[in-house]
Amino acid sequence: MNNNSKPASYPQVGVASTCRSYEEYCAMFNLEDFDWTKGPVLDVAGGASSFTSQLHARGVKAIAADPFYKGPTEDVIAAAHKEIEVSSAKLAANPGVYDWSYYGTPELHRQGRERSLALFSEDFRSADADTRYDSASLPHLPFNNDTFGLVVSSHFLFLYADAFGEQFHADSLAEMMRVLKPGGELRIYPLVSLRWEECPYIPRLLHELKGVAKVEYLSTGLPFMPVPSSLLRLVKQA
Ligand SMILES: C[S@@+](CC[C@H](N)C(=O)[O-])C[C@H]1O[C@@H](n2cnc3c(N)ncnc32)[C@H](O)[C@@H]1O
């Protein structure tokens, strides 16, 4: 912490490809009571998360989109393993700034990520993986209008605001709304950057969506970051 008690930024060069679990996603996005019959699910910037694989295992049609999926399967999986090493070392170097109430300890956090990556890896190696893992990059998604009942995006939008900027975020939000069915919803978490500051142009972006989406801020069930962040829920209007 500095003299103003503001935690130091998370040390990151480029975009990390992390592997949060299905359980972390459900807690983070408040999905425990979600009606999965609302339509297919899209995880944008899914990384090596087990969310898509575990929805598929539960009989829910789900797709993850991320440029990370380009390239040989084993290289993608190896990169995700490496990211667990790198991020665990960063957390261990400064554990006092994080809220461990969900994970318990840094070691349990790491073990959870390893379990999640094992589930992702098994699914990513399967013969039909290309029906669930698409190497699409925001702000363009290769899906038809009005396709998904739920779109989620964890730890990419707003977190990397300094690198991607306002127009990228405006275009990305519009694109994710496009692929949602009317009545479908987009959930994004967190709304703070790696400098732990709320992204300043969120109100302008949401203003642009007036008439397109109903906006709600919900609380997350996955506290961890040094500063609190709401979860953004946008429901596509009919
Ligand atoms: C911090 S990871 C988050 C992974 C996963 N959602 C999670 O919560 O563990 C951020 C992801 O954003 C992906 N990414 C980078 N640029 C992107 C883009 N233009 N469109 C979609 N995803 C992108 C990266 O490849 C990386 O996997």
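Two residues are in contact if their C-beta atoms, placed from the backbone, lie within 7 Å. Keep that in mind as we walk through this predicted model, where local features need pLDDT of at least 70, side-chain atom pairs count only at pLDDT 80 or more, and totals for chains, interfaces and linings use all residues. Residue numbers start from 1 along each chain as its sequence is written.

**Stop 1: two helices**

Select residues 73–93, helix α3, and residues 106–124, helix α4. (Helices are DSSP runs of H or I with at least four residues, strands are runs of E with at least two, and both are numbered from the N terminus.) The two axes come within 11 Å and cross at roughly 170 degrees; axes are lines fitted to C-alpha atoms, for helices over the stretch in contact, and angles run from 0 to 180 degrees between N-to-C directions. That makes α3 roughly antiparallel to α4, a term for angles over 145 degrees.

Now show the residues that meet: among them are Val76, Ile77 and Ile84 in α3, and Arg113, Leu117 and Phe124 in α4. This contact is made of nine nonpolar, five polar and three charged residues. (Ala, Val, Leu, Ile, Met, Phe, Trp, Tyr, Cys and Pro count as nonpolar, Asp, Glu, Lys and Arg as charged, and the others, Gly among them, as polar.)

**Stop 2: the sheet**

Next, colour the strands. You will find an open sheet of seven, in the order β3-β2-β1-β4-β5-β7-β6, with mixed pairing; two strands pair if DSSP finds at least two bridges between them. Which strands stand at the edges? They are β3 (133–134) and β6 (213–218), each with a single partner strand, so one side of each has no neighbour in the sheet.

Select β7, residues 231–236: six bridges join this strand to β6, and the two run antiparallel. Leu231 is the bridge partner of Leu218, and Val215 stands opposite Leu234. Helix α5 (161–179) packs on the sheet, touching β1, β4, β5, β6 and β7. Four bridges join β5 to β7, again antiparallel, with Arg187 opposite Arg233.

**Stop 3: His169**

Finally, click on His169 in helix α5. Is His169 buried or exposed? His169 counts as buried because it has 22 C-beta neighbours inside 10 Å; the cut-off for buried is 20 or more other C-beta atoms within 10 Å, while exposed means 12 or fewer and partly exposed lies in between, with C-beta atoms placed from the backbone. Beyond its neighbours within four places in sequence, His169 is in contact with Leu157, Phe164 and Leu205. Leu205 is 36 residues away along the chain, yet the two C-alpha atoms are separated by 7.8 Å.

Key:
Parallel < 35°, antiparallel > 145°, perpendicular 65-115°, else oblique.
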